[in-house]
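Open the model in your viewer and keep the selection panel at hand.

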Amino acid sequence: MTKQGMVVPVPEAAVAVPPNSAPLFQYPPPRAAPGVAVRKKCLQMGAGAGRIGGWVESMRASSPTHAKAAAALAAGVEEERYAAWMVKHPSALAMFDQLVAASKGKQIVVFLDYDGTLSPIVDDPDAAYMSDTMRRAVRSVAKHFPTAIVSGRCRDKVFEFVKLAELYYAGSHGMDIKGPAKGSRHTKAKGGGVLFQPASQFLPMIEQVHDSLVEKTKCIPGAKVENNKFCVSVHFRCVDEKSWITLADMVKSVLKDYPKLKLTQGRMVFEVRPTIKWDKGKALEFLLESLGYADCTDVLPVYIGDDRTDEDAFKVLRKRGQGVGILVSKHPKDTCASYSLQEPAEASDGVPAAACRVGAPLQGPPQVVIQSTTTDDDRAGINYTLYMLNI
Ligand SMILES: O=P(O)(O)OC[C@H]1O[C@H](O[C@H]2O[C@H](CO)[C@@H](O)[C@H](O)[C@H]2O)[C@H](O)[C@@H](O)[C@@H]1O
């Protein structure tokens, strides 16, 4: 189960892919070559018919509920692939005992993505509220473990949603990290007041680009430009698909004057970021170091996220051979996470089982229960709740 502290599903070798089925991990398309590596997220800026087709496919695929995938799912086409994918990335709920065993004698550190993980995916980014139940659960986790929110959003905004002062926050895809003033009482390093902003020299440039993007895209109905301080998001969730290429071209035309910025893609969103080598994975490493766990074997980082940008953190866990990566997704995706949380059957079947454990008086090391719930939102609005049980 564990490779030097890395919690991975046992039956990996037993993945049975039906001979005639399409290869696994086609999502998100397009990709350069088949293989285990997750597709690099930096988008090509060139033009050309094939490339345009690729862009549209990529933009569609950035939301797992786009019409084509939903139709395939309804027709049962995806079922076999999904089953095979689940063997490789079993439910974190189903593997609960493994996770508990892996945490024995280790300090758990929890990393949580925000959108699509703590809050449901909704059309309006300003309305992606976290439920009070979720807030209580995260507060409860943070009482026992150092806990960080790692988000593409700007730190202040994600704090406004989460509203928990005791957490660490890594906003702007990890380019704006701040810890609670007092530090965490669970950590080896006692110093509080962590603040780290590796892209601060990009602030004026990002401001400029934000303004240009607002101006340039204002004629596209539904387009929304969000200032995330050290990066900018251009949302196309509410843009008619016919205008996607026009919007993409506009974004590219603005960016051509900024070679120090790059374009990546999240869920129905373009993300403009500095080219510095910093991402959610680096933020995870930085936080572990700040907490005093840089080279420790007795730490178990648990990272839960749903988006392409969370793959950088999953990769770091793989590289360290340490921790638990959990992808929140109800569709097969190319991922470096070991486990998954989906909906809806799991939520209804797995949650009661997990909830029983919450109620049970336990002896032994701290334990984590991961609870997955769903919202009515048909666009992967997956919520999950983390409960912690102390000794
Ligand atoms: O790293 P995250 O915390 O997951 O942030 C990534 C982006 O999340 C937000 O956009 C996403 O959620 C919106 C609200 O549900 C949805 O409308 C949008 O389509 C999604 O892409 C946020 O608004 C972006 O700025 C973040 O980069």
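Rings of Phe, Tyr and Trp count as a pair if their centres lie within 6.5 Å, and planes under 30 degrees apart make the pair stacked. By that rule, this predicted model holds eleven aromatic pairs across the whole structure.

Select Tyr114 and Phe161. Their rings are stacked, with 5.4 Å from centre to centre and 15 degrees between the planes. Now trace the chain around them. Tyr114 sits in the loop between β3 (107–112) and α5 (132–144), while Phe161 belongs to helix α6 (residues 155–162). The two are 47 residues apart, so read this pair as a link between distant parts of the chain.

Next, select the ligand and the residues around it. The shell has 22 residues, and the nearest are Val122, Arg237, Arg267, Glu271 and Lys280. Colour the shell by type: eight residues are nonpolar, five polar and nine charged.

Then show Glu271, where the corresponding distance is 2.6 Å. At Asp123, look at the backbone instead: an N or O atom there lies 3.5 Å from a ligand oxygen.

Switch to a surface view. Alone, the ligand exposes 570 Å², and the protein buries 99% of that. The space the ligand takes is the largest cavity. Finish with strands β9 (232–235) and β11 (269–274), the elements that each give two or more residues to the shell.

How values were computed
Residues numbered from 1 in each chain as written. Predicted model: local features only at pLDDT ≥ 70, side-chain atom pairs only at ≥ 80, totals over all residues. Heavy atoms only, no water. Near = heavy atom within 4 Å. Polar contact = N/O pair within 3.5 Å; in protein donor to acceptor, adjacent residues only side chain to side chain. Areas by Shrake-Rupley, 256 points an atom, 1.4 Å probe, with all protein chains shown as cover. 1 Å grid on protein atoms, 1.4 Å probe; cavity = no way out; pocket = protein on both sides within 12 Å on 5 of 7 lines; lining within 4 Å. Sits in = over half its atoms within 2 Å of the grid points. Helix = DSSP H or I, 4+ residues; strand = E, 2+ residues; numbered from the N terminus. Nonpolar A, V, L, I, M, F, W, Y, C, P; charged D, E, K, R; others polar. Phe/Tyr/Trp six-rings, centres within 6.5 Å; stacked < 30°, edge-to-face > 60°.
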